Amino acid sequence: MPKPKLNIIKPLSVAQLPDGDVLSRLNAVHDGMLDNPAFPNPPVDMAGFKAAIDAYTAAVAAALDGGKSAIVERDKRRTEAILMLRLLGHYVEAACKNDLQTFVSSGFVPASTTRTPPQPVSIPSILRVDQGNTGQLLVTIQPVAKARSYELRYAPVPPAGATVNWTTVAVASTKPATPINNLTPGTNYTFQVRAFGKLGFSDWSVSAERMSI
């Protein structure tokens, strides 16, 4: 008989968060752990942790002018503070004995244990169709999240009621614009795009039209 899965409470990672959100989490953990009887022996000195937060705060403000040295200093201070946060997170994870109320008293946010199932990709769109060289049109695609690649199809605009005779090309990336070559000058062309994701293709987009010259 399989053993039941144990969901261990773990801190939510802040590595990908913007600076303002990271600072908010750092301050919350400092305030939550300071003199908290549930966590009497933190591996990081709270005064030193506060000093690191303050240095990071000042570095973020100084980097707003875009200076290279200020940005390097900000990233250095960010790394130092996050390393301290990780040490505290490991300690809280062990010391809370998997009790959620004790865990959140530390100021840490628990990571979700629920996996989000894969979702179909959204339908992309054609932002614009520009003239390139003679007989060439450049198609700019609006990317969508989770898309692995795209398919672009095009055809001369047919007479009313006639069947569209599509030509389909694979598009690995939306940048730069996708060139469609060997078109007939003076002919109107219609374009559609779809995205490919983990669950397959999206529907085709709304058509975009442009005359080739």
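Predicted model: local features only at pLDDT ≥ 70, side-chain atom pairs only at ≥ 80, totals over all residues.
**Helix packing, aromatic pairs and backbone details**

Let me begin with the contact between two helices, where Asp19, Val22, Leu26, Val29 and Met33 of α1 meet Arg74, Arg78, Ala81, Ile82, Leu85, Leu88, Tyr91 and Val92 of α3, contact meaning heavy atoms within 4.5 Å. By class, this contact has 10 nonpolar, no polar and 3 charged residues, where Ala, Val, Leu, Ile, Met, Phe, Trp, Tyr, Cys and Pro count as nonpolar, Asp, Glu, Lys and Arg as charged, and the others, Gly among them, as polar. Residues are numbered from 1 along each chain as its sequence is written, and side-chain values use heavy atoms, with hydrogens and water left out.

How do the two helices pack? Helix α1 (residues 19-33) and helix α3 (residues 68-95) pack at an angle of about 40°, with their axes 11 Å apart, and they are therefore oblique to each other, given that angles under 35 degrees count as roughly parallel, over 145 as roughly antiparallel, 65 to 115 as roughly perpendicular and the rest as oblique.

Turning to the rings, there are 4 aromatic pairs, a pair being rings of Phe, Tyr and Trp (its six-membered ring) whose centres lie within 6.5 Å, with planes under 30 degrees apart counted as stacked, over 60 as edge-to-face and the rest as tilted. One of them joins phenylalanine 39 and tyrosine 91 edge-to-face, at 6.0 Å centre to centre and 65° between the planes. This pair links distant parts of the chain, 52 residues apart, with phenylalanine 39 in the loop between α1 and α2 (46-62) and tyrosine 91 in helix α3. Phenylalanine 39 is buried at 2% relative accessibility, and tyrosine 91 is buried at 18%, where buried means under 20% relative accessible area, exposed over 50% and partly exposed in between (1.4 Å probe, protein chains only).

Finally, the backbone. Aspartate 35, in the loop between α1 and α2, has a positive phi of about 60° although it is not a glycine, and at 73% relative accessibility this aspartate 35 counts as exposed. Lysine 97, likewise not a glycine, has a positive phi of about 55°; lysine 97 lies in the loop between α3 and α4 (100-104) and is exposed, at 72%. A cis peptide bond, with omega about 0°, joins lysine 175 and proline 176, and proline 176 is found in the loop between β4 and β5.

Note on methods. Axes fitted to C-alpha atoms, helices over the stretch in contact; angles between N-to-C directions. Helix = DSSP H or I, 4+ residues; strand = E, 2+ residues; numbered from the N terminus.
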